[in-house]
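Subject: Structure for you to look at

Hello,

Here is the structure I promised. Please open it alongside these notes.

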Amino acid sequence: MSLDTYSFSGRKKQVSNKKLTWLESIYLVAIAKGMWVTLKHMFRKKVTISYPEQTRPFSPVYRGLHMLMRDDEGRERCTACGLCALSCPAEAISMTAAERKPEEKHLYREEKYASIYEINMLRCIFCGLCEEACPKQAIYLTKSKVFAKSNSTRESFIFGKEELVMPLEMAIQNSKQNQA
Ligand code: SF4
Ligand code: SF4
């Protein structure tokens, strides 16, 4: 069978050059058929939604934006071991490690910490492997419903510690809840 006549969908029709009948030439039947197709779709359940006014329900296992966690004393948990970056299939994570100074014990839980920690959100596929790989429970994919951040430059999608580290007030609140 030649490719000219083969139809993958089975709906391909040979074009005919035969002269139209009078009924065909006024297109009433064709218009009626088209209207029927339109009418049928008007009463079907819509598959689209009016985003962003409407959103679809989130799955119970939904994974949202990342957060770099603090412990109960408000110190950053991350020790810059790099396991999250190693496990990331999208190579979205990068970091720079630094030594904690004696006067910084209240800021960082471990002797080593990430002075720079970045996630390229244009690469991230929200698979959660970074969270699974972390031995310090330092990175967590939140249930944040903000999943479609918008911006006009690529650089703005590289999230640094300013965007990722848990707000201190939240750590204090969590600590109070744990003690209650
Ligand atoms: S969620 Fe997956 S893709 Fe995104 S940073 Fe973590 S490991 Fe990488
Ligand atoms: S987030 Fe966890 S796995 Fe990643 S560098 Fe920090 S401690 Fe290591």
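**What I found**

The shell around ligand 2 holds 10 nonpolar, two polar and one charged residues. Here Ala, Val, Leu, Ile, Met, Phe, Trp, Tyr, Cys and Pro count as nonpolar, Asp, Glu, Lys and Arg as charged, and the others, Gly among them, as polar. Of the 13 residues around ligand 2, the nearest are Cys 78, Cys 81, Leu 83, Cys 84 and Cys 134. A residue is near a molecule if its C-beta atom, placed from the backbone, lies within 6 Å of it.

Before going on, the ground rules. This is a predicted model, in which local features need pLDDT of at least 70, side-chain atom pairs count only at pLDDT 80 or more, and totals for chains, interfaces and linings use all residues. Residues are numbered from 1 along each chain as its sequence is written, while chains are lettered from A and ligands numbered from 1 in the order in which they are written.

**Ligand 1 and its cysteines**

Ligand 1 is surrounded by 14 residues. The closest are Cys 88, Cys 124, Cys 127, Leu 129 and Cys 130. By class, this shell has 12 nonpolar, two polar and no charged residues.

UniProt, in an unreviewed entry, lists Cys 88, Cys 124, Cys 127 and Cys 130 under "binding site". These four span 43 residues in sequence, yet no two of their C-alpha atoms are more than 10.4 Å apart, so they gather at one spot. UniProt positions are in the numbering used here, feature names are shortened, and annotations may be inferred rather than shown by experiment.

Cys 88 sits in the loop between helix 3 (83-87) and strand 2 (93-99). Helices (H or I, at least four residues) and strands (E, at least two) are DSSP runs, numbered from the N terminus. Cys 88 is buried, with 20 other C-beta atoms within 10 Å. The cut-offs: buried means 20 or more other C-beta atoms within 10 Å of the residue's own, exposed means 12 or fewer, and partly exposed lies in between, with C-beta atoms placed from the backbone. Not counting residues up to four places away in sequence, Cys 88 touches Ile 93, Leu 129 and Cys 130. Contact means that the two C-beta atoms, placed from the backbone, lie within 7 Å.

Cys 130 belongs to helix 4 (residues 129-133). Cys 130 is buried too, with 25 C-beta neighbours inside 10 Å. Beyond four places in sequence, its contacts are Cys 84, Ser 87, Cys 88, Ile 93 and Ile 139.

**Backbone points to check**

Most residues other than glycine have a negative phi, and most peptide bonds are trans.

- The peptide bond from Tyr 51 to Pro 52 is cis, with omega near 10°. Pro 52 is in the loop between helix 2 (28-42) and strand 1 (66-68).
- Ala 80 has a positive phi, near 55°. Ala 80 lies in the loop between strand 1 and helix 3, and is buried, with 22 C-beta neighbours inside 10 Å.
- Glu 91 has a positive phi of about 50°. Glu 91 lies in the loop between helix 3 and strand 2, and is exposed, with 10 C-beta neighbours inside 10 Å.

**The whole chain**

The protein has six helices and five strands. From the N terminus they run α-α-β-α-β-β-α-β-β-α-α. Along its principal axes, the C-alpha trace spans about 95 × 45 × 30 Å. Buried residues make up 13% of the 180 residues.

Best wishes
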